[in-house]
Amino acid sequence: MSQVKRNGPTKKFEITIPFTEINGEWYPIVEVSFRTVFNEWLKLLLIFDTGAEPIVLKPDYAHVFPSGTEELLGGIGEEKPHTALATETEVEFLGLVHKCEIVIDKVPKPFVAGIFGRDGFKAFGFGFWESARELYVTLKP
Amino acid sequence: MLNESQPGGATQAIHYNSWLANIATTARPSGPENPSPSLFVYADESGIEEAVKEQEDDSLKWIADYLKQWMNDYPDKWIVVKNKEVLESSEDLVDLLKRASKAGIRNPLVLKMEPLPLRKWRTAF
């Protein structure tokens, strides 16, 4: 397979989010706020995940969000999708608030509350540098 | 009560952020004369600055320093953390949020002190 070298567009990012060390491993963790059924906000730590479509929170958090409906969700290690609860609430990241679906399902990582999937990304531009352990964000993509 | 319209605090005027519409494949950039149908809204400028500053300043480096200690001190409990200090703890998330609200903590950072695995594993989401 031949590689074609191209000059990519220059992108600028205003914000740098360093990775976080947990138990000797480094993760791209972001702080995301959610409006609860009590009409109050709580902030949670989520793993930034470009491979995930929805925002996923662990079942422990389900009862502070509106009751939802069952949806099919697929993941690594599964041949067939399984049912998971999907609900909707307001989500805030870097000052931007939008209504977003969140899925409640098991996330096999301790400490974090879940996964920040691409549904939460839409208004932002992201750059990802694994070896520098940094995530870059622009509010003006 | 903490039922403010924005997570950062007091009720703030919300306006559609015009340039956000540029994420769509529209030939004409959005602006005041061409309002965006986007569902995304920003808090006012100070709200954005505050959120960005918080994310950058509070770089979560403290997690590596304090996590094990908190897991020993608050096993299987929910905690509210601010400025590297545990302000509230409870065995129940709803109870914790009530306590935080009573204490006047807005948009509390909530963590659950689940035990870390003795044997590490890799993840593929």
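**Exercise 1. Determine which element of chain B has the lowest mean pLDDT and which has the highest.**

Solution. Step 1: pLDDT is the predictor's confidence in each residue, from 0 to 100. Helices (H or I, at least four residues) and strands (E, at least two) are DSSP runs, numbered from the N terminus.

Step 1: The lowest mean, 32, belongs to strand E1 (residues 15–16) of chain B, and the highest, 96, to helix H3 (residues 93–102) of chain B.

Step 2: The structure is a predicted model, in which local features need pLDDT of at least 70 and side-chain atom pairs count only at pLDDT 80 or more, while totals for chains, interfaces and linings use all residues. Residues are numbered from 1 along each chain as its sequence is written, and chains are lettered from A and ligands numbered from 1 in the order in which they are written.

Step 3: For chain B the mean pLDDT is 68, with 53% of residues reaching 70 or more. Over residues 9–39 of chain B, pLDDT stays under 50. Where pLDDT is low, the predicted coordinates should not be read in detail.

**Exercise 2. State how many helices and strands chain B has, and give their pattern along the sequence.**

Solution. Step 1: Chain B contains three helices and five strands.

Step 1: Along the sequence, these elements of chain B follow β-β-α-α-β-β-α-β.

**Exercise 3. Explain where on H3(B) the buried residues lie, and identify what covers them.**

Solution. Step 1: A residue is buried if 20 or more other C-beta atoms lie within 10 Å of its own, exposed if 12 or fewer, and partly exposed in between, with C-beta atoms placed from the backbone. In H3(B), B:Leu96, B:Leu97 and B:Ala100 are buried.

Step 1: Viewed down the axis of H3(B), the buried residues fall within an arc of 100 degrees (taken over the directions from the helix axis to the C-beta atoms), so they line one face of the helix.

Step 2: The cover of these residues includes strand E5 (41–48) of chain A, as well as strand E3 (78–82), strand E4 (85–90) and strand E5 (109–112) of chain B.

How values were computed. Two residues are in contact if their C-beta atoms, placed from the backbone, lie within 7 Å.
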